Amino acid sequence: MLGILLGLVLLIVLAYRGWSIIWIAPICAGVVALFGGLDLLDAYTNTYMQGFVDFTKSWFPVFMLGAIFGKLMEFSGMAQSVAQSIIRTFGEKQAIIGVVMASAVLAYGGISVFVVVFAVYPLAVSMFRQANIPRKLMPGTITAGMMTFAMTALPGTPQIQNLIPTDYFNTTAAAAPIMGLAASLVMGGGSILYLKRREKNLKGLGYEFEELEKDKGLSKEIKEKPPHILISVLPLLSVIVALNFIQLDIVVSLLIGILLIIIFSLGKIKGLVPSLNKGASDSVMAMINTSAAVGFGTVVQAVPGFQKLSDYVLGIEGNPLISMAVASNILSGATGSASGGLGITMEALGQEYYEIAISSGIAPEAFHRIASIASGGLDALPHNGAIVTILIVTGLTHKQSYRDIAVVAIVFPILSLIPAILLASVGIY
């Protein structure tokens with residue numbers, strides 16, 4: 001047990017200091033193995049790498065096609081078109097709502113959160129400038145749309161955090177829709193109310209929009225005419241419809257979306273191959289990072305102390321959905337990754353929770369939804385890669401903006417578990 005705790009703490013500390021999880025995960029797994037009495041070489045070459053390889057085998061096609069889909073949406077201008085239309089619909093006075101919704105729509109359409117940042121940022125700068133909203137609110141506003149309800153709670157979202165549980169609970173991406181919508185209302189509504197209040201308070205203290213040198217070239221980028229909105233939303237809609245209504249595999253659904261973008265972008269044929277290459281290469285790094293975290297979890301699962309940890313989590317009195325939420329949150333926080341933490345949780349405890357679902361009469365769909373929502377809570381600790389990217393892109397620091405990120409990406413997602421669990425307790429999924 002001590003080895004597991006030390007390994008987790010070391011992983012968090014080193015990741016927070018900016019050290020790559022690709023090489024610190026096996027080191028931290030070595031700490032766990034050493035305290036657990038495992039042979040270090042065997043723990044790495046067999047146990048760790050087996051978990052790494054198994055996760056890669058299962059999910060690499062989704063990571064790769066998702067990244068390619070996002071890069072093609074960005075290259076074609078379709079992502080900009082969708083975001084621009086939404087932001088203009090809400091107007092200057094509701095710039096925060098517009099940016100939140102634009103980020104959410106792109107994320108719900110299956111675009112990677114890393115791509116959403118770059119697509120929304122130029123438009124967020126324009127809207128924040130016009131409304132004179134303090135720049136320090138920009139990271140929290142973008143995060144509220146792309147890393148909360150659209151990523152984990154909305155029924156049918158093709159984000160990986162909503163797909164991982166399907167293999168373990170025999171569910172679909174639209175599992176427990178009522179629970180998901182209730183949680184989305186808490187996350188989305190709570191975040192918007194909080195950010196609007198922060199805007200008012202900061203303006204009262206004399207804060208104004210701060211122009212950065214790098215923003216000067218953005219006006220030209222925004223003026224370039226993107227594809228028509230009706231064309232731009234078709235690839236997004238095709239992925240959602242194919243996955244949730246026709247119930248095709250996520251790989252096939254993403255391929256349909258990719259083919260539509262290519263067809264609509266034949267006039268830019270020269271730029272298609274570089275975008276395909278970039279998306280594919282980006283997916284490799286994301287895949288390796290997540291698999292490294294899952295490999296760490298596999299070693300944790302192999303030591304004798306893990307059974308005691310499992311017994312503790314599973315032994316939390318009351319609704320088993322609560323222990324599911326605790327496990328998913330803790331492990332996502334440890335890895336700084338919703339997908340990595342959820343992958344560890346499902347590999348380690350998924351089968352046991354599925355058996356609990358069958359024996360307790362609580363629908364497996366409820367466990368799916370709680371696991372997904374909970375993975376998007378503590379994952380947003382300061383060492384999260386997407387959080388670091390948002391701060392870099394917006395030109396801000398943790399000290400300036402992390403408070404708002406924490407409220408919208410940690411506090412509200414955790415609070416949203418309450419209505420979801422209450423609904424499941426009375427048989428409403």
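1. A quick word on terms before the tour: helices are DSSP runs of H or I with at least four residues, numbered from the N terminus. With that in hand, helix 1 (2–16), helix 3 (40–76), helix 6 (113–131), helix 9 (160–169), helix 14 (269–302), helix 17 (338–360) and helix 19 (385–394) each put at least two residues into the lining of the largest pocket.

2. Keep in mind that this is a predicted model, where local features need pLDDT of at least 70 and side-chain atom pairs count only at pLDDT 80 or more, while totals for chains, interfaces and linings use all residues. Residues are numbered from 1 along each chain as its sequence is written, and side-chain values use heavy atoms, with hydrogens and water left out.

3. Back to that pocket. A pocket here is an open set of points on a 1 Å grid over the protein atoms alone, where a 1.4 Å probe fits and protein lies on both sides within 12 Å along at least five of seven lines; lining residues have an atom within 4 Å of a point. The largest one has a volume of about 1,300 Å³, a volume being the space filled by probe spheres set on the points, which are joined across faces, edges and corners. It has 47 lining residues, and Phe 114, Ala 286, Asn 289, Gly 385 and Ala 386 are the closest to its centre. Helix 14 gives the most to the lining, with 9 residues.

4. Now look at Ser 372, in helix 18 (residues 364–375). Ser 372 is buried, with a relative accessible area of 0% (buried means under 20%, with a 1.4 Å probe and protein chains only). Leaving aside neighbours within four places in sequence, Ser 372 is in contact (heavy atoms within 4.5 Å) with Thr 152, Gln 161, Asn 162 and Leu 342. Its side chain reaches the backbone oxygen of Gln 161 at 3.0 Å.

5. Glu 199 is worth a click too: this residue of helix 10 (residues 177–204) is buried, at 9% relative accessible area. Not counting residues up to four places away in sequence, Glu 199 touches Ile 96, Ile 133 and Leu 137.

6. Last, the rings. Rings of Phe, Tyr and Trp (its six-membered ring) pair if their centres lie within 6.5 Å; planes under 30 degrees apart are stacked, over 60 edge-to-face, and the rest tilted. The count comes to 5 aromatic pairs. One of them, Tyr 353 with Phe 367, is tilted, at 5.9 Å centre to centre and 40° between the planes. That pair links helix 17 to helix 18, with the two residues 14 apart, and both are buried.

Notes: Buried means under 20% relative accessible area, exposed over 50%, partly exposed in between (1.4 Å probe, protein chains only). A polar contact is a pair of N or O atoms within 3.5 Å; within protein, one must be able to donate a hydrogen and the other to accept it, and residues adjacent in sequence count only if both atoms are side-chain atoms.
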